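Here is a short report for a reader who is new to this structure. Please look over the sequence and the model first.

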Amino acid sequence: MNLHRLAEERSIAYHQVIAKRLRLRPEVLDNARERVRGWITTSATPPFYARQWSEKLAGNIESIV
């Protein structure tokens, strides 16, 4: 058994579930955007990951999926 390949397959399956959820429930994306906006607005120096998530979540659902 190739453990690296197994990890890849799990990751792909996980991302497919998330993509399906985003398409079925777009409010999930809205919730994620709101959380990231909170990270950015409540901190004098937002953490580096907040800016990165903000950029990733800026697109439409299909571009994110």
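The report covers the pocket, the salt bridges and the aromatic rings.

## The model

This is a predicted model. Its values are computed from the atoms, and side-chain values rest on heavy atoms.

## The largest pocket

Rolling a probe the size of a water molecule over the atoms shows where empty space is left. The largest pocket has a volume of about 500 Å³. Its lining holds 18 residues. Closest to the centre are Ile18, Leu22, Ala32, Trp53 and Leu57.

Which helices supply the lining of the largest pocket? Helix 1 (3-24), helix 2 (27-41) and helix 3 (48-56) each give at least two residues. Helix 2 gives the most, with seven residues. By class, the lining has 13 nonpolar residues.

## Salt bridges within a helix

How many salt bridges does a search of the whole structure find? The search finds six. One of them joins the side chains of Arg5 and Glu9, at 3.2 Å from N to O. Arg5 and Glu9 are four residues apart in helix 1, so about one helical turn separates them. Arg5 is partly exposed, because its relative accessibility is 40%. Glu9 also counts as partly exposed, at 41%.

Helix 2 has a pair of its own, Glu34 and Arg37. Their salt bridge has its closest N and O atoms 3.1 Å apart. Here the spacing is three residues, which means about one helical turn between Glu34 and Arg37. Glu34 has a relative accessibility of 47% and counts as partly exposed. Arg37 is partly exposed too, with a relative accessible area of 45%. Elsewhere, salt bridges that share partners join Arg5, Glu8 and Glu9 into one network.

## Aromatic rings

A pair of aromatic rings is described by the distance of the centres and the angle of the planes. The structure holds two aromatic pairs. In one, the rings of Trp39 and Tyr49 have their centres 5.3 Å apart. Their planes stand at 85°, so the pair is edge-to-face. Trp39 lies in helix 2 and Tyr49 in helix 3, so the pair ties together parts that are 10 residues apart in sequence. Trp39 counts as partly exposed, at 31% relative accessibility. Tyr49 is partly exposed, with a relative accessible area of 36%.

The other pair is Phe48 and Tyr49. Their ring centres are 5.7 Å apart. Their planes stand at 80°, so this pair is edge-to-face. Phe48 is exposed, because its relative accessible area of 56% is over 50%. Ring pairs link Trp39, Phe48 and Tyr49 into a cluster.

Note on methods. Residues numbered from 1 in each chain as written. Predicted model: local features only at pLDDT ≥ 70, side-chain atom pairs only at ≥ 80, totals over all residues. 1 Å grid on protein atoms, 1.4 Å probe; cavity = no way out; pocket = protein on both sides within 12 Å on 5 of 7 lines; lining within 4 Å. Points joined across faces, edges and corners; volume = space filled by probe spheres on them. Nonpolar A, V, L, I, M, F, W, Y, C, P; charged D, E, K, R; others polar. Salt bridge = Lys/Arg side-chain N within 4 Å of Asp/Glu carboxyl O. Buried < 20%, exposed > 50% of the residue type's maximum accessible area, 1.4 Å probe, protein only. Phe/Tyr/Trp six-rings, centres within 6.5 Å; stacked < 30°, edge-to-face > 60°.
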